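The following paragraphs are intended for a reader who meets this structure for the first time. Please keep the sequence and the model at hand while reading.

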Amino acid sequence: PRCPVTGAVSERAAAFDPFGDAYQADPPASLRWSRDEEPVFYNPELGYWVVTRYEDVKAVFRDNLLFSPSIALEKITPVCDEATEVLASYDYAMNRTLVNEDEPEHMPRRRALMDPFTPKELARHEPMVRRLTREYVDRFVDSGHADLVDDMFWEVTLTVALHFLGVPEEDVDTLRRFSIAHTVNTWGRPSRDQQVAVAESVGKFWQFAGTVVDKLKADPSGDGWMPYSIRLQKDMPDVITDSYLHSMMMAGIVAAHETTANAAANAVKVLMENRQAWAELCADESLIPNAVEECLRHNGSVAAWRRLVTADTQIGGVAVPKGAKLLIVNSSANRDDRHFDDADAFDIRRDNAVDHLTFGYGSHQCMGKNLARMELRVFLEELTTRLPHLELVPDQRVTYLPNTSFRGPEHLLVQWDPAANPERRDP
Ligand code: HEM
């Protein structure tokens with residue numbers, strides 16, 4: 001197959017494989033050639049146009065009418081019949097939420113649901129994030145080693161997410177399995193057998209989400225974004241529909257926790273690999289907020305996002321037809337030397353680090369960005385204070401769940417000398 005418009009496919013464009021080793025290991029590095037030579041290209045295997053430069057990715061995010069977000073959560077690998085049947089047996093009916101909703105439906109819903117994200121509301125959650133973080137560090141601080149993903153980031157971010165959403169705390173291991181299944185289902189390339197197993201988990205996740213919505217509807221007086229949304233439904237039944245509530249319950253758990261857990265693990269990894277930067281954060285906590293932005297820019301947890309072209313147009317001077325599907329690689333945009341000086345360098349004092357596109361941009365920009373930022377800041381404040389002598393276990397093989405978009409180490413093994421813990425030496 002060739003590009004539907006020009007009929008041309010360069011060799012490298014045709015060879016691009018977002019499930020291959022190079023992209024999985026380092027998405028922006030694997031696309032340097034594209035940023036330099038072919039910043040908008042068609043990949044026949046995937047059936048997607050790939051966009052890799054900062055200005056182009058930002059322009060696509062900016063115009064949500066010409067570039068519809070409706071395919072953002074579409075399964076990137078077509079599902080086999082057996083998996084579809086499994087999903088149907090659970091009455092799976094995941095619908096549009098916010099992230100993949102077109103106008104004019106999207107904006108009234110986003111506006112109506114914004115209040116729980118104001119800085120004042122978010123500040124209320126910080127003591128809980130701090131307490132949880134300290135509790136989890138307490139569990140391993142004297143042992144000298146930890147897997148920061150398994151022993152801290154997944155559970156803390158999931159607990160915070162459930163708390164923020166107003167969902168009763170459930171079995172975190174089960175929810176973690178559900179979330180991974182959702183990611184593989186949406187952005188992965190599962191084999192036929194995996195598809196069926198993943199469909200079972202996704203189906204159960206869907207039913208779980210429905211049960212929680214029903215419970216909250218019976219008593220929507222509690223704290224949290226979902227009870228808030230349910231209360232709002234009484235006045236705005238056309239904006240906050242039942243289908244939205246059920247779908248958002250499931251999507252919200254994933255959006256609020258997996259992205260943040262991955263971002264935290266990416267951040268610690270890149271800081272450990274840039275020891276001087278870590279030492280500076282340990283010496284001066286006020287550097288942490290900008291360091292969080294630089295971690296999100298350099299090694300963010302959403303590597304690529306998707307849009308659908310709604311009319312014939314041009315992106316970066318390349319003609320792209322109506323109906324084209326776009327893979328906009330925001331992690332590549334974040335390493336574009338045309339926008340960031342020496343973009344591959346990790347610099348916690350970079351003055352435009354905050355320009356990164358890891359939270360997207362424009363009218364769909366991540367609503368939870370400040371919650372995520374606060375969690376990342378608290379994690380780094382606690383780790384730099386309590387474990388400044390933290391280091392990566394040498395020679396570990398860091399693996400990533402193979403998919404186009406959600407990116408973070410599956411495990412991150414760290415070690416330190418507990419006898420040198422500052423709080424023990426100087427309590
Ligand atoms: C949307 C990334 C954490 C809730 C998005 C989008 C991205 C993203 C790339 C799509 C933006 C676009 O289309 O322009 C991230 C990252 C996170 C994170 C990297 C952590 C580091 C969170 C958290 C929450 C959340 C903690 C909720 C509590 C949402 C919602 C949307 C969204 C509701 C849809 C907004 C809309 O379409 O209007 N996020 N997110 N996210 N995110 Fe996040």
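The model is a predicted one.

Helix 9 covers residues 126–140. With 15 residues at 1.5 Å a residue, helix 9 should span 21 Å, and its end C-alpha atoms are 22 Å apart, which agrees. Which residues of helix 9 are buried? They are M128, V129, L132, T133, Y136, V137 and F140. These residues cover an arc of only 160° around the axis, and therefore they lie on the same side of helix 9. Among the elements that cover the buried residues of helix 9 are strand 4 (145–147), helix 10 (148–165) and helix 18 (369–386).

T133 has its place in helix 9, and T133 counts as buried because its relative accessibility is 0%, where buried means under 20%. Leaving out residues up to four places away in sequence, T133 touches M152, V156, V378, F379 and E382.

Helix 11 comprises residues 172–187. At 1.5 Å a residue, its 16 residues should span 22 Å; the end C-alpha atoms of helix 11 are 22 Å apart, so the two values agree. Helix 11 is mostly covered, since twelve of its 16 residues are buried. The buried residues of helix 11 are V172, L175, R176, F178, S179, A181, H182, T183, V184, N185, T186 and W187. The cover over them includes helix 10, helix 12 (192–218), helix 14 and strand 5 (305–309).

Two packed helices are described by the angle between their axes and the distance between the axes. Helix 14 consists of residues 242–273, and it packs with helix 11 at an angle of about 95°, the axes being 10 Å apart. Angles of 65 to 115 degrees count as roughly perpendicular, and helix 11 and helix 14 are therefore roughly perpendicular to each other. On the side of helix 11, the contact is made by S179, I180, H182 and T183; on the side of helix 14, it is made by M250, I253, V254, H257 and E258.

V329 lies in the loop between strand 8 (325–328) and helix 17 (330–333). With a relative accessible area of 0%, V329 is buried. Apart from neighbours within four places in sequence, V329 is in contact with Y23, L31, V50, V51, T52, V57, A303 and A304. V329 and L401 are 72 residues apart along the chain, and their C-alpha atoms are separated by 17 Å.

The backbone remains to be considered. Most residues other than glycine have a negative phi, and most peptide bonds are trans. What kind of peptide bond joins E103 and P104? The bond is cis, with omega about 5°. P104 is found in the loop between helix 6 (81–89) and helix 7 (106–112). D91 is also found in the loop between helix 6 and helix 7, and phi of D91 has a positive value near 55°. D91 is exposed, with a relative accessible area of 58%. Phi of D395 is positive as well, near 60°. D395 lies in the loop between strand 9 (391–392) and strand 10 (413–415), and at 80% relative accessibility D395 counts as exposed.

Note on methods: Residues are numbered from 1 along each chain as its sequence is written. This is a predicted model: local features need pLDDT of at least 70, side-chain atom pairs count only at pLDDT 80 or more; totals for chains, interfaces and linings use all residues. Side-chain values use heavy atoms; hydrogens and water are left out. Axes are lines fitted to C-alpha atoms, for helices over the stretch in contact, and angles run from 0 to 180 degrees between N-to-C directions. Helices (H or I, at least four residues) and strands (E, at least two) are DSSP runs, numbered from the N terminus. Angles under 35 degrees count as roughly parallel, over 145 as roughly antiparallel, 65 to 115 as roughly perpendicular and the rest as oblique. Contact means heavy atoms within 4.5 Å. The expected span of a helix is 1.5 Å times one less than its number of residues. Buried means under 20% relative accessible area, exposed over 50%, partly exposed in between (1.4 Å probe, protein chains only). The arc is that of the directions from the helix axis to the C-beta atoms.
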